[in-house]
Amino acid sequence: MAFNGLLNSIRPEVIYLQTMWDSNGNDLSGENGYVIESIAPKCRYWSYAIYDHNNRMIQPIENSICNNFNTKITVDGKYKITISQDKSDQLNNINHQGKDFVLVMRIYGPELGYYEDPQSLPVAYIREITDK
C-alpha cells in the first residue's frame, strides 16, 4: 500500500492520507504518469491534491485537484484518476506539470467506522503508467 499514514483531527471531521511513493515503493516523479484506482470512501466530500516537495500546491491549482464532484465514479463506487503532464481539462485528470510530487487525499465527514477500524478505509492503488 502506498499511503503512509492516517492522520485524524481531534474531532472525527477529516482524515488525511498522503504518500510520496507509488504502490511499488518508487518515488512519485514528474517524469512519469500514474493511475490512481480505488473505491470512493463513504463521506460527505473527498479530494486528491498534489504538492511539490516544499509543501506548495502545484500550480495552477485547478489542474492539481480531483474530487468526488469532478471525478467520474462508476455505479459500484470505483474511480480511476490519471496524474500526468496531460494539459487537457478532462475529468479524472491531475496535471503534475513535470514536477516530483506528494499526493494527499482528504476525506471530509468520513464514516465513523473508519476511525474505529482504519483498515476498512478504501486506500488507493497507485501505479506508474508504463505504456509510453
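Predicted model: local features only at pLDDT ≥ 70, side-chain atom pairs only at ≥ 80, totals over all residues.
Residues are numbered from 1 along each chain as its sequence is written, and side-chain values use heavy atoms, leaving out hydrogens and water.

Asn55 is not a glycine, yet its phi is positive, about 65 degrees. Asn55 is exposed, at 63% relative accessible area; exposed means over 50%, buried under 20%, partly exposed in between, with a 1.4 Å probe and protein chains only. The loop between strand 4 and strand 5 (65–67) also holds Pro60. A cis peptide bond, omega about -10 degrees, joins Gln59 and Pro60.

Four strands form an open sheet in the order 7-6-3-9, with mixed pairing; two strands pair if DSSP finds at least two bridges between them. Strand 7 (93–95) and strand 9 (125–128) are the edge strands, each pairing on one side only. Strand 3 (residues 34–39) and strand 6 (residues 78–84) run antiparallel, joined by 6 bridges. Glu37 stands opposite Lys80 in strand 6.

Now the cores, meaning sets of buried Ala, Val, Leu, Ile, Met, Phe, Trp, Tyr and Cys residues joined through side-chain atoms within 4.5 Å. The largest nonpolar core has 23 residues, and those with the most contacts inside it include Ile36, Tyr79 and Ile81. Strand 3 and strand 6 are among the elements giving it two or more residues.
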